Amino acid sequence: MTHVYDKTTTGLLLVDPYNDFLSEEGKLYPRTKEVSESVNMIEHLKQTVEGARKAGIRVFYVPHHRSEPNDFDTWLHPTPYQLKAKEGQVFAKDSWGGEFHPDFQPQQGDVIIKEHWGSSGFANTDLDHQLKMHGVQKIIVVGMLANTCIEATARFGMELGYNVTLVRDATSAFTKEALHAAHEINGPTFAHAILTTEELLAKL
């Protein structure tokens, strides 16, 4: 199957490009460091975003909820993952860790989506609406983490009728096993294409 990425119908979804994930001093960087460096993730993420911009493809920022001290206090069913994020104040609101990494600052024409509470950038946000309003039918999903927010967002996108592309080396995970599962086991069940950054850029 040949994949054509037309700028009028393709959108790049940049998921959770926070300092806490992408900067060496970030709270979660030590947990992804080995995997990120093994695939040269930061460089590939930069190349993907730059390549998309150069091709005229709109960038949609898909950010996770920024932690606040009283998060989930009144919730009936917060997950252990959510409670752990609250405890560590990951991507804390009004903190350096909750800011977008310097290399991934929004530019004019980009769209910043409402923050997602769980893993999917579509659930309880305006992502689907914004994509439809901008004529997007094909989504390229990059950022963090491969087996959580990337997978949940991409899978949800497929269910909503979008054509989905994953980029193997423009994402990371806490373990090599998780990255492997995201692309070799789970990804093929919902993604229309799973490419390397080099393969993607050649198509843009």
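Okay, let's start with the fold: β4, helix α6 (residues 146–159) and β5 form a β-α-β unit, and its hand is right-handed. From β5 the chain then goes through helix α7 (residues 176–186) to β6, again as a right-handed β-α-β crossover. Keep in mind that this is a predicted model.

So what does β5 pair with? On one side there's β4, residues 138–143, parallel to β5 over five bridges, with V141 standing opposite L166. β5 also pairs with β6, residues 193–195, in the parallel sense over three bridges, and there T165 sits opposite A193. As for cover, eight of the nine residues in β5 (163–171) are buried.

Now, R168. At 28% relative accessibility, R168 counts as partly exposed. The side chain of R168 makes a salt bridge with E184, 2.5 Å from N to O. E184 is in helix α7 and R168 is in strand β5, so that contact ties together parts 16 residues apart in sequence. E184 is partly exposed too, at 41%.

How many salt bridges turn up in the whole structure? The search gives 11. One of them is E68 with K93, at 3.7 Å, N to O. E68 is in the loop between β2 and α4, and K93 in the loop between α4 and β3, so this pair joins parts 25 residues apart. Then there's K86 with D73, where the closest N and O atoms are 2.6 Å apart. That pair links helix α4, where K86 is, to the loop between β2 and α4, where D73 is, 13 residues apart.

Terms used: Residues are numbered from 1 along each chain as its sequence is written. This is a predicted model: local features need pLDDT of at least 70, side-chain atom pairs count only at pLDDT 80 or more; totals for chains, interfaces and linings use all residues. Side-chain values use heavy atoms; hydrogens and water are left out. Buried means under 20% relative accessible area, exposed over 50%, partly exposed in between (1.4 Å probe, protein chains only). Helices (H or I, at least four residues) and strands (E, at least two) are DSSP runs, numbered from the N terminus. Two strands pair if DSSP finds at least two bridges between them. A crossover is right-handed if, with the strands pointing away from the viewer, the path from the first strand over the helix to the second runs clockwise. A salt bridge is a side-chain nitrogen of Lys or Arg within 4 Å of a carboxyl oxygen of Asp or Glu.
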